[in-house]
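Biologist: Please take a close look at one strand of this model and its partners, and then go on to the pockets. I would like the cut-offs stated along the way.

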Amino acid sequence: MRIRIVDAFTDRPFAGNPAGVLLLDDFPDDDRLQKIALEVNHAETAFAHRLPEGGDADWALRWFTPATEVTMCGHATLATAHVLHTTGAHEGPVRFATRSGVLIATPQEDGSITLDFPTAPLTPVEVPDGVAEALGAEPRAAFDTGPNVGDLLLELADEKTVHALTPDHKALGGYSERGIIATARAEDPARGHDFVSRCFFPNAGIDEDPVTGSAHTALAPFWSERLGRTDLTGLQASPRSGRVRTQLRGDRTLLSGRAVTVIEGELLA
C-alpha cells in the first residue's frame, strides 16, 4: 500500500496540517486502521477506496486520529482529494461517502480545492465553570457546535489573547466531546484574515491541531453573523499555522485551501 503525507491548508511544505493518506482496494478491519493511524501519528490519517460507478459517491473515506475514528475531518479530506487529483486516480469533483454524509471536493483553476461540508449548528451555552482556568483566558461567550464537530467554541477578547494561550490540555478534555475552539476577531484584516482561532482536542489524542477544517464549519457561521459577510478567511494560529477560506451557504459551508505532498512511501507491515 502506498502511503503519503500531505500538508493541507498551505501552499508550502512543513506548514499547515499534515495528514496521512492511503488509497486502498477496500477497508481492512478497524483495529488495523487504528494501528496504522497510530504509527503515522498525525492528527488524522485518511483511508479511502473507490466505490462502484453509478452510486451517490465515488470514494468511501474514513479518518482516524492516533486514538480514535472521527466523524468529520476537513484537512484530511483536502489531503485525500489532493492525492486523487495529483496521481490521476480521479479527475474533477470527487464525492466522498463518509460518516458525515456525502462530502464533495472540487479542484479550482488556481490550484486550490474547495470542500462542501455541512454547516455546524451553533447553540449558545453558559461558559462552563473552570474552563477559563483550563484555557488560560476568560471567554466572552460559549457555543456548542453540534454532533459532527463536537467542540465547545469559545470567543475570546482579542487576537493577542488567542496567540498567547498556553492551556492545560488535560483539563480541557472535560468540556466537550472532542475539545475546544478558541477564537477572536482579527486585529488587522488587512493582514489577510478576518478571524483567528486555535483548536485543542485532548479527547482525540491531539493537544493542538495545526489547522482544522471541521472547526471552520462552526467558525464560518459564527463570524459571518458578526462581520456581516458570508465569504471570510480564517487564520489558525498554531505553530505550523494555516489559512482557510470559508463561504457560508446556508446549511452548507465551503472550505478552500491548498495542499502539498511532502512524503511518499510504501506501507510494508
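Modeller: Strand β3, residues 44-50, is mostly covered, with 6 of its 7 residues buried. Buried here means under 20% relative accessible area, against over 50% for exposed and partly exposed in between, with a 1.4 Å probe and protein chains only. Strands (E, at least two residues) and helices (H or I, at least four) are DSSP runs numbered from the N terminus. The model is predicted, so local features need pLDDT of at least 70 and side-chain atom pairs count only at pLDDT 80 or more, while totals for chains, interfaces and linings use all residues. Residues are numbered from 1 along each chain as its sequence is written, and side-chain values use heavy atoms, with hydrogens and water left out.

L22 has F47 of β3 as its bridge partner. Between β2 and β3 the chain passes through helix α1 (residues 30-40), giving a right-handed β-α-β crossover. Right-handed means that, with the strands pointing away from the viewer, the path from the first strand over the helix to the second runs clockwise.

Now the pockets. On a 1 Å grid over the protein atoms alone, a pocket is an open set of points with protein on both sides within 12 Å along at least five of seven lines, and its lining residues have an atom within 4 Å of a point. Grid points are joined across faces, edges and corners, and a volume is the space filled by probe spheres set on the points.

The largest pocket has a volume of about 240 Å³. Its lining has 16 residues, with F9, T10, D11, G242 and R243 nearest the centre. Strands β15 (231-236), β16 (242-249) and β17 (252-257) each give two or more residues to this lining, and β16 has the largest share, 4 residues. By class the lining holds 4 nonpolar, 6 polar and 6 charged residues. Nonpolar covers Ala, Val, Leu, Ile, Met, Phe, Trp, Tyr, Cys and Pro, charged covers Asp, Glu, Lys and Arg, and the others, Gly among them, are polar.

The second largest pocket holds about 190 Å³ of space. Of its 14 lining residues, E69, V70, T71, E177 and R178 lie nearest the centre. Helix α4 (146-149) supplies the largest share of that lining, 3 residues.

Conventions. Two strands pair if DSSP finds at least two bridges between them. On a 1 Å grid over the protein atoms alone, a cavity is a set of points where a 1.4 Å probe fits but cannot get out, and a pocket is an open set with protein on both sides within 12 Å along at least five of seven lines; lining residues have an atom within 4 Å of a point.
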